[in-house]
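Please look over the structure shown here before reading on. The briefing below takes a helix contact, a sheet and a recorded domain in turn.

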Amino acid sequence: MSLREQFGKDVLITGWGHSRFGKLTDETLESLIVQVAGEALAHAGLEPGEVDEVYIGQFNAGMMPLAFPSSLALQLSPDLLGVPATRVENACASGSAALQQGLKALLAGTARNVLVIGAEMMTPAGAEKVGAALLGADYDMAGQPSSAGFTALFAEVAKHYAKRYGAASGLSLPDALGSIAAKNHRNGVDNPYAQLRKDLGVEFCRTVSDKNPIVADPLRRTDCSPVSDGAAAVVLSLAPRAGAATLPVRLAGFGHANDFLPAERRDPTEFAGTRLSWERAFAMAGIGLEDLDFAEVHDCFTIAELVMYEVMGLTPAGQGTRAIEEGWVYKDGKLPVNVSGGLKAKGHPVGATGVSQHVLAAKQLTGTSGAMQLANPRRAAVQNMGGVGIANYVSILEAV
């Protein structure tokens, strides 16, 4: 049963805005929020006074002193005075968590137009503070010293994967991860918002060197998404406006599932909660993987994208390397993955990521992606997660 059939109404993404991602020394959290909020409302053809609720996804966790940003969106216009605004936090999935809260407000009938913003300022905090903040999203490592930070947690996923499966195809795991990194760096060249817009090539990404050192074995620098500043916003509505800049995009289904927080209660390569979120989104939309034209997935590390090929059902468990070796996930493959460059090249300002993924999928589905554009895509999936597969969100989006 689709979302429309289940709830008797459509939920549409009617407008969007997106900042550059990177080290944004000329911006503040406030300026980024105001920028993308204004862009999204203008795109939707909506006046600020017509917004019924605001949700802001932000992780923070001590990366910046201001821990109460929900009313920053009101800086856009005095007409937003009195509009309910709520900050939503669910680690690296804070953006998608905010979006699903806005979606549920529309389905509950308490709003007709919701402004959803994802934003994060990370680079001013410095590496040590950022590392400690991110480790706060892990049950076992929160508050503990770690030279490799969150990279070490996904390096453990890669080690368990290699031990369990070895090389199911002709491509070794390190080479497969290098190919994923190279693919996403190449895709990022075409994304005007991306932090890293350089085609590094397969050999560079596969090879350990002074410029591409091991961060946490077996993950190299090119296997890790960068620390970023940035913001993105969408307007969710029950009906489009005549003054909107483009056609809307329909949310056909969504899934959310949490896994256990302690590592000892999770299989390190199964990502069971992530799998459930995919299954729930597919079931609500009434479709399967074969109905997708592309996917934007949470490649905080290249091993996360590889595991996602298996979790979403593109390959059986242990055979994810086939998807990259046989070209299935390239821009011209049967299921392009991370045409935007993903977190790997676009950047990963934590609270902004989930909203950014929805913006870039919506741009694809409305034919407004410029150099990134695929040929007439009609349906997409967005997958965003917090922690090592702990908080998991999947959305199915359709062209109208």
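Helix H6 (residues 173–188) and helix H9 (residues 302–311) pack at an angle of about 100°, and their axes are 9 Å apart. The two helices are therefore roughly perpendicular to each other, a label used for angles of 65 to 115 degrees. This is a predicted model: local features need pLDDT of at least 70, side-chain atom pairs count only at pLDDT 80 or more, and totals for chains, interfaces and linings use all residues. Residues are numbered from 1 along each chain as its sequence is written, and side-chain values use heavy atoms, with hydrogens and water left out.

**The contact of H6 with H9**

- On the H6 side, the contact (heavy atoms within 4.5 Å) is made by Leu-173, Leu-177, Ile-180, Ala-181, Lys-183 and Asn-184.
- On the H9 side, Thr-302, Ile-303, Glu-305, Leu-306 and Tyr-309 take part.
- These residues divide into seven nonpolar, two polar and two charged. Nonpolar covers Ala, Val, Leu, Ile, Met, Phe, Trp, Tyr, Cys and Pro; charged covers Asp, Glu, Lys and Arg; the others, Gly among them, are polar.
- Helices (H or I, at least four residues) and strands (E, at least two) are DSSP runs, numbered from the N terminus. Axes are lines fitted to C-alpha atoms, for helices over the stretch in contact, and angles run from 0 to 180 degrees between N-to-C directions.

**The sheet**

- Nine strands form an open sheet in the order S3-S2-S4-S7-S1-S8-S11-S10-S9, with mixed pairing. Two strands pair if DSSP finds at least two bridges between them.
- The edge strands S3 (85–88) and S9 (294–296) each pair on one side only.
- From one strand to the next, the twist averages 25°.

**Strand S8**

- Eight of the ten residues of S8 (residues 249–258) are buried, so this strand is largely enclosed by the rest of the structure. Buried means under 20% relative accessible area, with a 1.4 Å probe and protein chains only.
- S8 runs antiparallel to S1 (residues 12–18), joined by two bridges, and Leu-12 has Arg-250 as its bridge partner.
- S8 also pairs with S11 (residues 391–399) in the antiparallel sense, over nine bridges; here Arg-250 stands opposite Glu-398.

**The recorded domain**

- UniProt, in an unreviewed entry, lists residues 264–398 as "domain: Thiolase C-terminal".
- The end C-alpha atoms of residues 264–398 lie 38 Å apart, and the span is 36% helix and 14% strand.

Terms used:
Buried < 20%, exposed > 50% of the residue type's maximum accessible area, 1.4 Å probe, protein only. Parallel < 35°, antiparallel > 145°, perpendicular 65-115°, else oblique. UniProt positions renumbered as here; feature names shortened; annotations may be inferred.
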